[in-house]
Each structure stands twice: as structure tokens, then as C-alpha cells.
Amino acid sequence: MANAAGGLHGREQEEFVSILVGELVHCRFLDESSSRRTVGEHLGLPPEVWEGTLPAFRVELARHVSLDLIDRVYTLCTVVGWYDEARRESLWRQLQAFLTERPEAEEDQGRTWPAIASPAVDSGTRLSRSSHNARPPARGAARSGPLPPAPVVASAAPQLPSPFTADEYRRVESLLRLDQHGPQEMHELQDNIAFELGFPVPGAPSTPLDLFAALVDFNSSADHIPPSVVALEWVAALAVDKTIARQCRQWAERWAREHDCLPALQRRRHAREQRHDNPQVPRALLIMVEPAEDGSDDVTVRYWINDLAGHWAPRAGEATETRMNSLGDAVERALAEGERLWATSRADPVDQLPPFVEFILPYLLLNHDVARLEIGANGPEAAAIGPRYCVHLRSLERLRRVPHDPFITNRWHQRWQELHQQGTRLHHWTHDAGITVEHWSRSLTHRQHGSAQYTALALDAPRRGSDALTALKRAIAEGFGLVLWDRRGKLEPRIRETLTELLNGSPTTHDLPRRVQEMRARAEADADGDVFLGRHVAFLWDDPERIVDCQSGHPAPDDAAGLPYIEPSGISLRPVMSDSPSVSPGPSRSPRSSPREEAP
């Protein structure tokens with residue numbers, strides 16, 4: 001499998017194919033990398049082929065949730081063939097050879113290996129489902145010689161049973177023909193259906209009838225409600241014509257009653273009624289950068305995309321390995337995927353914030369200038385992401401502590417709530433003030449004469465080994481979610497004044513990311529922009545209500561390096577540690593940073 005596995009040979013090849021087959025059983029590799037390189041890279045697939053394969057493969061597995069291991073491998077090879085015909089059959093032969101040799105292969109007696117789909121099949125065509133009636137090749141046959149020719153299917157392959165009779169489908173069809181949605185309404189309809197189903201609606205349906213038809217042959221979910229019935233329910237919820245809405249709901253109820261799943265339908269309706277748009281939840285791309293533990297410049301980059309404003313349901317992308325000097329390329333690829341998803345989701349240009357690009361970084365990378373990473377860095381139209389998106393920072397160590405440490409979680413939520421309810425009360429730390437970090441840290445919980453506690457912080461640039469970095473760690477431990485600094489170094493009086501004006505000039509706290517983005521855009525447009533704070537401002541905006549699972553197989557990190565948490569009562573508590581491993585898959589990496597991870 002040297003060609004298809006990116007140069008793997010011998011035992012390394014066998015181990016990787018074993019991982020791939022195991023991942024296909026659980027579909028985990030759709031969201032996470034199962035090794036230091038991506039599955040696509042191990043298979044020798046160009047990035048553009050793998051980026052096209054993943055969404056199509058996800059849709060096919062959602063359509064046919066009952067596929068077994070062999071059918072999943074077959075489906076993967078067929079979808080690859082849509083984008084790279086030459087690799088389709090060779091990949092299938094190599095993976096088939098492994099499948100025939102695995103211990104579980106005896107369970108496959110009595111079935112035929114499916115033939116790879118015709119090259120004429122394009123990426124918009126659904127996979128056919130083959131019947132498997134003949135016996136597989138003998139064990140080892142694939143190793144000792146060429147594979148036997150694929151069997152010829154004499155009759156049409158049977159289809160999984162539709163959830164609807166022909167008469168039921170005709171009644172729904174006549175009903176949906178009466179309901180007309182414009183492009184904006186169709187976007188909203190697709191967004192809500194995709195959110196509830198957990199996967200995007202395939203194709204580009206332009207009417208509710210097209211949307212229903214696109215989902216009609218998908219398998220039911222665990223509660224036995226087919227995606228097409230979910231679509232009909234959403235048509236009813238958003239229909240302007242109340243008569244059509246009532247008829248759609250009645251039809252769905254009648255179908256559910258006849259199929260003994262009316263309670264499940266009612267539970268879905270109740271959950272739908274409880275769901276409300278949250279104006280503070282943006283479209284977002286979250287990028288986690290984790291340095292290697294060996295002191296090199298290698299980093300693991302993982303990302304999540306929240307494609308629908310108002311609802312937090314981020315989709316995990318696939319982890320990649322790169323170097324710090326190539327971080328911009330990985331960010332650009334993730335942004336391209338985000339833009340594709342955001343383009344199909346509803347957007348109000350008046351009320352909606354630009355997409356957030358949030359960098360989840362360890363302490364020693366927080367001063368890295370991620371807002372100046374460029375799109376199209378190798379071309380004539382290179383542009384920094386800071387002026388185009390709301391770019392800000394988040395703490396990797398704090399996100400990793402959340403499952404293990406109730407103290408830091410509660411402080412974080414409390415201070416974030418006060419920030420939005422009472423506004424910004426700015427605290428600051430600078431080395432020139434002559435105050436020790438230990439003494440200063442006790443002021444983080446100070447409430448003088450019943451006044452509100454501090455909710456924002458400005459400080460010197462937190463470079464490696466600096467007191468400012470120690471102060472930032474203390475502030476994060478005390479729950480601060482809003483921190484600003486000038487990456488160039490000291491918190492000069494004029495910089496502090498500019499940051500105060502920025503915070504006080506925002507009509508609402510929720511508007512701060514937009515104000516920072518506008519500051520960066522003004523500096524970028526000015527010929528002398530390099531002297532302005534907008535070119536150098538670092539902005540930590542860490543929302544405890546929007547978290548992702550960024551564990552990587554380690555217990556809770558202890559990067560505070562022995563720093564105590566100072567309770568309001570004056571009691572010092574050590575971080576709560578857990579010996580239980582994280583359940584999240586992904587490359588095994590140390591949360592500690594190496595000396596070479598220092599931000600410039």
C-alpha cells in the first residue's frame with residue numbers, strides 16, 4: 001500500500017490501515033485525525049480531493065446509516081473516485097486486501113465484494129446499494145495474486161425501504177407544491193433542518209419540495225423519525241400560510257402515529273419550541289494550535305466551524321500537522337471551508353457581526369500576531385485576516401481545565417456575566433508600577449464599598465518569562481474573559497487611554513469584537529498604520545458559553561506552574577486535578593509549551 005498510504009510500508013502500513021478500518025466503523029475520523037497526519041494524507045490524496053471527499057462521504061453515511069464496515073470502505077473509495085477517478089480502484093483493491101485478512105473476515109462469508117461504481121457517476125449522484133450474495137475470495141487471495149474480477153449484478157440492486165408509500169409521497173408532494181419560499185426563507189429552512197439533523201442538506205434545493213425530495217431516502221435517526229419528516233415539520237413551522245402549516249403538522253402526526261413514534265415526534269417539537277436564537281452566538285471559526293512536545297516548531301492545528309449565527313453547534317474539522325511558519329496556510333484552508341458554510345447560512349448584514357476567528361492558544365503563544373496572518377500570502381492579493389474578521393484569542397489551558405476544575409469554571413461564568421450585565425470595569429498591570437504580581441493578584445477580586453468587581457484587564461505584553469505572563473495566568477485563573485495589550489511591549493499611558501476609550505465607546509459589551517476589528521481595519525488602511533495600536537492590539541475575548549472539546553488525551557493541565565488560585569476569602573487552593581483521561585480523540589500532545597514556542 002505504499003502508493004495509497006503516502007509511502008507507508010510493512011508494519012507501519014498495516015497499523016495505519018487497521019486504524020483506518022477501525023475509524024470507519026465509528027466514523028470518528030470525519031471529525032478528528034486518527035494519527036499525526038490526516039487520513040487523507042496517509043491515503044496519498046491531494047488536499048483538494050480530501051476536502052471534497054469528507055463532506056460527500058459524511059452525507060452518504062448519513063443517508064445509509066446501516067452500512068457495515070465493508071460498505072463504508074467501499075463508499076469511501078467510490079466518493080474518492082468522484083474527485084480522482086484514477087485512485088478509485090487502486091485504493092479499493094488495497095483496502096480490500098486488508099479486509100480479507102482481518103480476523104473478523106470470516107463473518108463476511110456469504111457476500112460478494114461490490115464493484116466500484118462506474119466512472120460516469122458524478123459527485124451529485126447518490127450511491128447505489130448493492131446486494132451481497134456470493135462468497136468472498138479465499139483468505140490471502142489478494143496477497144498471492146490479482147483479485148478476481150468483480151461480479152456482475154444481473155438485476156437492479158434493491159433499495160432500502162422508503163418511509164412513505166407512493167400514495168403518502170403524492171399527498172406530501174401536492175401539499176408542498178403550494179408552499180413557496182424565497183431564497184432567504186430557503187436558507188433559513190435549510191439552516192434549521194441541518195441544525196436539528198446534524199448534517200447539511202445535500203444539493204441546493206430551491207423549494208420545500210426539492211428539499212423534501214433530497215431527504216426522502218435518508219434512513220431514520222435513532223428515534224425512528226426520518227429526516228424528511230423533520231423537514232416537513234420545519235416547513236410547517238416557517239410557513240406563512242397557516243393552512244399549509246396545519247396540514248403539514250397533521251400529516252406528520254398521522255404518519256408518526258401509524259408508525260408508533262408519535263412520542264418521539266412530540267419530544268422533537270418540544271425541543272424545537274425551547275430553542276431560541278441567541279444574538280451573542282456568531283458564525284465562527286475556532287482554531288486550536290498546540291505545539292509539539294519535542295521542542296521543535298511543529299504544531300497540531302485543529303478547528304471547529306459554527307456556521308449558523310444564533311445557535312452554538314460547531315462542526316469539527318480534521319486536525320493537521322504543520323510548522324509555526326506555515327500556520328497561515330492551515331488557517332486559510334480552514335477559513336475557506338468556513339466561508340463555504342457561511343455562504344449558505346442566513347445572514348442579516350445589518351444586525352449580524354462579521355464571522356469570528358478565534359485562536360485557542362497556550363499561554364506562550366498568546367502574544368503571537370495571529371491577526372496579521374494573511375489570506376493568499378503567496379499571491380498578489382495577500383490580506384491580513386484581522387481587518388476582515390473579528391479575530392481574538394482564547395485560553396487553551398482554561399478550556400482544558402473546565403471539565404476538571406469547578407472553581408475556575410464558576411469564576412469564569414460569574415465574571416463574564418458581570419461583564420455583560422454591568423459593563424467594563426478596567427483593571428491594569430504594568431511592570432513599571434512597582435507592584436509585585438503576588439500583591440497585585442489579590443486586587444483581582446477587590447470590591448470597594450460594594451462596587452462591581454473588575455471585568456476587563458489591560459497589561460504589558462505577556463512575553464515568555466515576563467511578570468506580565470504571570471499576571472495574565474492569574475487573571476485567567478480568576479475568570480477574566482476580556483484582556484487587551486499592546487504586543488510591542490509596555491502598557492504606556494497613551495495606550496491605556498486608547499484602550500479605555502475603546503471599552504467605554506462601545507454601545508454594548510457584545511459589540512467589542514466589532515470595534516476591535518474596525519480599529520484594525522483603520523490601521524490597515526492608513527499609510528502610517530504601523531504606528532497605530534490597531535496594527536498591534538491583542539484581544540482576548542473568551543466566552544465561557546461557547547466551548548469546544550479540546551482535550552487531547554491528557555489529564556487537566558497544570559500550566560499554572562504552581563501558582564495558587566486566590567479565593568476572595570484569602571484561602572489559596574491548588575488546581576483540582578483529575579487522573580481520568582480525556583475521551584476526545586486526537587493526536588497525543590503535551591499541554592506544556594517548549595522554549596521554542598515563545599511568541600515573537
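1. A residue counts as buried when its relative accessible area is under 20%. By that criterion, in this predicted model, five of the five residues of strand 11 (residues 482-486) are buried, so the strand is largely enclosed by the rest of the structure. The burial extends to both faces of strand 11: L482, L484 and D486 lie on one side, V483 and W485 on the other. The charged residue D486 is therefore among the buried positions, since Asp counts as charged.

2. Strand 11 has a pairing partner in strand 10 (residues 456-459), and the two run in the parallel sense over three bridges. Within this pairing, A458 has L484 of strand 11 as its bridge partner. L484 belongs to the side of strand 11 that also carries L482 and D486.

3. Helix 7 (residues 166-176) packs against helix 9 at an angle of about 150°, and their axes are 9 Å apart. Because angles over 145 degrees count as roughly antiparallel, helix 7 is assigned that orientation relative to helix 9. The crossing of these two helices is right-handed. Helix 7 contributes Y169, V172, E173 and L176 to the contact, and helix 9 contributes P208, L209, F212 and A213. By class, the residues of this contact comprise seven nonpolar, no polar and one charged.

4. Helix 9 deserves a separate remark. Six of its eight residues are buried, so helix 9 is largely enclosed by the rest of the structure. The buried residues are P208, L209, L211, F212, A214 and L215. Of these, P208, L209 and F212 also take part in the contact with helix 7.

5. Helix 18 passes helix 19 in a right-handed crossing. On the side of helix 18 the contact involves T498, L502 and L503, and on the side of helix 19 it involves L512, R515, V516 and M519. These contact residues divide into five nonpolar, one polar and one charged.

6. Helix 19 also contains Q517. With a relative accessible area of 12%, Q517 counts as buried. Leaving aside residues up to four places away in sequence, Q517 touches P354, G386, P387, R388, Y389 and C390.

7. Most residues other than glycine have a negative phi. H224, although not a glycine, has a positive phi of about 70°. H224 is located in the loop between helix 9 (208-215) and helix 10 (227-238). Its relative accessibility of 54% means that H224 counts as exposed.

8. The second case is D260, which is likewise not a glycine and has a positive phi of about 60°. The residue D260 sits in the loop between helix 11 (242-258) and helix 12 (262-274). D260 is exposed, because its relative accessible area is 73% and the cut-off for exposure is over 50%.

Terms used
Residues numbered from 1 in each chain as written. Predicted model: local features only at pLDDT ≥ 70, side-chain atom pairs only at ≥ 80, totals over all residues. Heavy atoms only, no water. Left-handed = near helix turned anticlockwise from the far one by under 90°. Helix = DSSP H or I, 4+ residues; strand = E, 2+ residues; numbered from the N terminus. Contact = heavy atoms within 4.5 Å. Buried < 20%, exposed > 50% of the residue type's maximum accessible area, 1.4 Å probe, protein only. Pairing = 2+ DSSP bridges. Axes fitted to C-alpha atoms, helices over the stretch in contact; angles between N-to-C directions. Parallel < 35°, antiparallel > 145°, perpendicular 65-115°, else oblique.
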